Amino acid sequence: MKSEYDDERFFEEYAKMSRSQEGLSAAGEWHQLKPLFPSLQGKTVLDLGCGYGWHCTFAAKQEAAQVLGIDLSQKMIEEAKKRNPEKQIEYRICGIEEYEYPEHMWDCVVSNLALHYIENIEKIFQNVYRTLKPGGVFIFNIEHPVFTAGVGQDWIYTEAGTPQYWPVDQYFIPGERKTRFLGCDVVKQHHTLTQILMGLLNNGFELEVVEEAKPAEEMMRIPGMKDELRRPMMLLVKANKK
Ligand SMILES: C[S@@+](CC[C@H](N)C(=O)[O-])C[C@H]1O[C@@H](n2cnc3c(N)ncnc32)[C@H](O)[C@@H]1O
């Protein structure tokens, strides 16, 4: 398996994003994701698609006992080791699809903006359920089905170049979408809302929170942010293992 994040140009563009430079405080979804976490003190935490490791550091600072961040990209893992090197964190180059998911191992599994790269998301839900301890929690943020459905993941623009509307197309046809992200060709996977939510329920999870990410009030001053109120971009879920 190969990661687009290992492509030199894409990696450089990703490094310019504010969330890459400033961490979680610059991530538009963090004001909604952070309150979903239980106390992590003394807990074991697995981060699927950890990228630079911001959520691993969050867990470490909450005094988690053990944190594992996995990511397919060698470059992202190298960066995580440099930027977020707390001693209780282990980073591993590993695909979300390939990880062994030992039974009853983790108190909390988190995945931020990585599951829309996974074709068979239900298989991951089964694996996460197995690897969680009873009472464990799965918190994830995935690109919203309304955002991923359309063909190019972009607005339809007026002749003057302003966003006219967001096309939702081929909604009930899940699977590969060839998108442009940060000026590069990136393949993502579209899943319907039913696949995501029923995928969790059918595999034993109890849903506690489902939210659609909306920019915080203070972010509305950033140019272009008002457009983020025109369509949902991210779906946040907290699901529990009974
Ligand atoms: C948008 S970044 C998010 C990184 C991090 N979770 C964060 O919120 O800062 C997506 C990450 O998912 C990783 N990724 C994509 N497909 C993956 C896969 N199949 N297995 C593991 N990691 C994957 C990428 O390498 C990248 O680091």
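Author: In this predicted model, Ala, Val, Leu, Ile, Met, Phe, Trp, Tyr, Cys and Pro count as nonpolar, Asp, Glu, Lys and Arg as charged, and the others, Gly among them, as polar.

Reader: Why is strand β4 called mostly covered?

Author: A residue is buried if 20 or more other C-beta atoms lie within 10 Å of its own, and seven of the seven residues of β4 (residues 106-112) are buried, so the strand is called mostly covered.

Reader: What makes strand β1 and β4 a pair?

Author: Pairing needs at least two bridges, and three bridges join β1 (residues 44-48) to β4, so the two strands pair, running parallel. Within this pair, Leu46 stands opposite Val109 in β4.

Reader: How do you know that β4 also pairs with strand β5?

Author: Six bridges join β4 to β5 (residues 132-143), and because at least two are needed, these parallel strands pair as well. The bridge partner of Trp106 is Leu132 in β5. With helix α6 (residues 121-131), β4 and β5 make a right-handed β-α-β unit.

Reader: Which residues touch the most other members of the largest nonpolar core?

Author: Of its 52 residues, these are Val45, Ala59, Val67, Cys108, Val109 and Phe138. β5 gives the most to this core, with six residues. Leaving aside neighbours within four places in sequence, Phe138 is in contact with Val109, Val128, Leu132, Phe205 and Ala239.

Terms used:
Residues are numbered from 1 along each chain as its sequence is written. This is a predicted model: local features need pLDDT of at least 70, side-chain atom pairs count only at pLDDT 80 or more; totals for chains, interfaces and linings use all residues. A residue is buried if 20 or more other C-beta atoms lie within 10 Å of its own, exposed if 12 or fewer, and partly exposed in between; C-beta atoms are placed from the backbone. Helices (H or I, at least four residues) and strands (E, at least two) are DSSP runs, numbered from the N terminus. A crossover is right-handed if, with the strands pointing away from the viewer, the path from the first strand over the helix to the second runs clockwise. A nonpolar core is a set of buried Ala, Val, Leu, Ile, Met, Phe, Trp, Tyr and Cys residues joined through C-beta atoms within 7 Å. Two residues are in contact if their C-beta atoms, placed from the backbone, lie within 7 Å.
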